[in-house]
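Hello,

Here is the structure I promised to hand over. Please have a look, then read on for what came out of it.

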Amino acid sequence: MSEHRTTVAGVTVDTRHWIGGQRVASPRTFTDASPIDGAPIGEISRGTATEAGAAVAAAKVAFPGWAATSRAERARILHAIADGVEKRLEELANVETVDNGALLRSHRRGVMPRVAHNFRFFADWLLTLEHEDFATRGHTNHVTWDPAGPCVLITPWNAPLMLATWKVAPALAAGNTVVLKPAEWSPLTASLLADITAEAGLPAGVLNIVQGYGSEIGDALTSHPDVRRISFTGSVPTARHIAAAAAANLTPLSLELGGKSPLLVFADADLDLAVDLAVEQYDNAGQVCLAATRLLVEEAVAEEFTRRFVARASRLRQGDPREESTDIGPTIHPRQVAKIDGFVRRALAAGARAVIGGHPGEGQYYAPTLLTDVRQDSEIVQEEVFGPVLTLQTFSGEDEAVHLANDTRFGLAATLATGDPERAERVTARLVAGTVWVNCFFVRDLKAPFGGSRHSGIGREGGTWSFDFYCDLKNTVTAPKGWRHHG
Ligand code: NAD
C-alpha cells in the first residue's frame, strides 16, 4: 500500500477519486478491509462536499460535449469500455473477490461478463431506440429521448461493479455525464473502471467517481442543484434520506431497494427443483436483494421438503471465496455479522427453531441458517436480514400462500415452484412483485424491466425503461405542410 495506490491480488488500484479525468486525493482516507480475513487492503480517499462539488462541476462541464456526441460514437466508446472490461476480466474478478468476499468463480463466469454486457447492451439498445411516429388530426407526433444532464449514481457493496455499471452504462449511453459514488465497503473495482473508461477514450469529466462514506459525501451529491437524475441502489433508510435531499430540487429519482421475497412451494412442484431453488438463496452469503428468504411450503410436502433441504444444505461448503470448491463466502463486514446475528438471536428468543445454523462461524462467516416456528408478524419474517438466513412457514391452499407472500412492506420479487402452469398464472396475477420467477430463479434479461413495488423501490431499470429514466422525453408535434390554425 502506498499513499495513493494499493496492490490487491497482484493488481495495482488507485485509491483516489476520479474527477474531470484526473486523480484527486482527499486530505483524509478511510481503511478498506477484505471480508475474507479482515485484513486492510487500501487507504481510500475520504470524500467530502468539496470533492462532491468538484465532481458535479466536472460532469456539468463535460455534459454539452458528450450530449452532442453522435449516438454511433457513444455506442462505439461503450463497446470499447466493454472490450476493456473483458481484457481485464481476471483482474476485476480477483480484486472484487478480495474486496467484497463474493465467490471468485461467480465473478469470473457470471458477474464480470455481465459488467461487459451492461455496456454492450445499452450501446446497442441506444441505436435501436425509437418510438413510432403517430398522427393527430394530420399532425405528426415524434418522440425523442434527450440527455438529461449530470446524474448521481449511488451503489451498494453486494455486487459492486455489476450494479454500478447497470446504471453507468445506460446513463452514458443516453448522453448524460455521471458522478458515481461506490459503497465504502467495496470501493476498488470502480477505480479500475475509471482506468478502463479512460483507455477506451471516454472524454474527461463524462464519468467521475468519488469515494467516501455516504453519510459524509451523500448530501452534497443528492441535494446539488446541477444534478438532473439520482439513481440509488441500497437500503430503505438511506433511500428515505436521499429522497428528502432530492426533494429540494425535485430531482427525479430511481430507487432499487431491499426485499423480503418469498419462494412458494406448492405440493405439485418438482420437490428436488424446489429444494435447489431454496438452497440457491444462500448465494453470496444471502447478501442479495432478490433473495427469496421466506420459504413458504404447502403443508402436505413441508416435512419432505425440509428433510431434502437439510440434506442438500448440509453439503454446502463455506470458506475462502477464492477456492473453486467454496459455495458460500464471508459476510461483508463485522458490523453486518453482528446485525445478522442480532436478527437470529431475537428470532430464537421469540420462539423460532434453528433447523440448521443459527450462529456465526469464525471471522466474518455466518453459518447458513434455516429458522422455523416463526410468526408472520415477527421481525425475522418482516425485515430484510441480508445474510444467509431463511425462514420456513407452511400454508394450505393458494389463498393463504398469496396472503403470506404479499404480507410484508416489500415487493421486489417472488419465486414459484409448481407443476401446474394454470396455478402459476393465477398466483402470479395476485402477487405484488417486480419480478416473478416460475420454476427458476435469477434469470434476468436487460431488456426486461427490473425493480420493486412498495418499499422495494421506485421505477424500473432495463431496456427502454432505463432510457425513459435517464432522458428527458420529448414529443414534437409538427403540422402538415400548408396547415393554418383556424382557432
Ligand atoms: P446502504 O443504503 O447502506 O448504502 C448504499 C449506498 O448508499 C452506499 O454507497 C452508501 O455509501 C450510500 N449512502 C449511505 N448514506 C447515504 C446518504 N446519506 N446519502 C447518499 N448516499 C448514502 O445499503 P448497503 O448496505 O450498501 O446495501 C444493501 C442494501 O441494498 C440492501 O437493503 C439490499 O437489499 C439493497 N440492494 C438492492 C438491490 C436492488 O436492485 N433492489 C440490489 C442490491 C442491493
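An oxygen atom of the ligand sits 2.7 Å from an N or O atom in the side chain of T238. That is a polar contact, meaning a pair of N or O atoms within 3.5 Å; within protein, one must be able to donate a hydrogen and the other to accept it, and residues adjacent in sequence count only if both atoms are side-chain atoms. S235 puts a polar side-chain atom 2.6 Å from a ligand oxygen. G214 uses its backbone: an N or O atom there lies 3.3 Å from an oxygen atom of the ligand. The protein buries 89% of the 850 Å² that the ligand exposes when taken alone (Shrake-Rupley areas, 1.4 Å probe). In total, 28 residues surround the ligand (a heavy atom within 4 Å). The closest are K181, E184, S235, L257 and E384.

A word on the basis. This is a predicted model: local features need pLDDT of at least 70, side-chain atom pairs count only at pLDDT 80 or more, and totals for chains, interfaces and linings use all residues. Residues are numbered from 1 along each chain as its sequence is written, and side-chain values use heavy atoms, with hydrogens and water left out.

Now the domains. The assignment, automatic or from a database, gives domain 1 (5–257 + 452–475) and domain 2 (262–438). Their C-alpha centres are 31 Å apart. At the interface, 26 residues of domain 1 are in contact with 31 residues of domain 2 (heavy atoms within 4.5 Å).

Next, the sheets. Strands (E, at least two residues) and helices (H or I, at least four) are DSSP runs, numbered from the N terminus. Two strands pair if DSSP finds at least two bridges between them.

Strand 16 and strand 17 (369–372) are antiparallel over three bridges. R353 stands opposite T372 there.

The other open sheet has three strands, order 7-8-22, paired antiparallel. Its edges are strand 7 (134–136) and strand 22 (471–478). Strand 8 (139–147) and strand 22 share eight bridges. W145 faces L473 across that pair. Helix 15 (463–470) lies across strands 8 and 22, at about 90° to strand 22 (axes are lines fitted to C-alpha atoms, for helices over the stretch in contact; angles run from 0 to 180 degrees between N-to-C directions).

Best wishes
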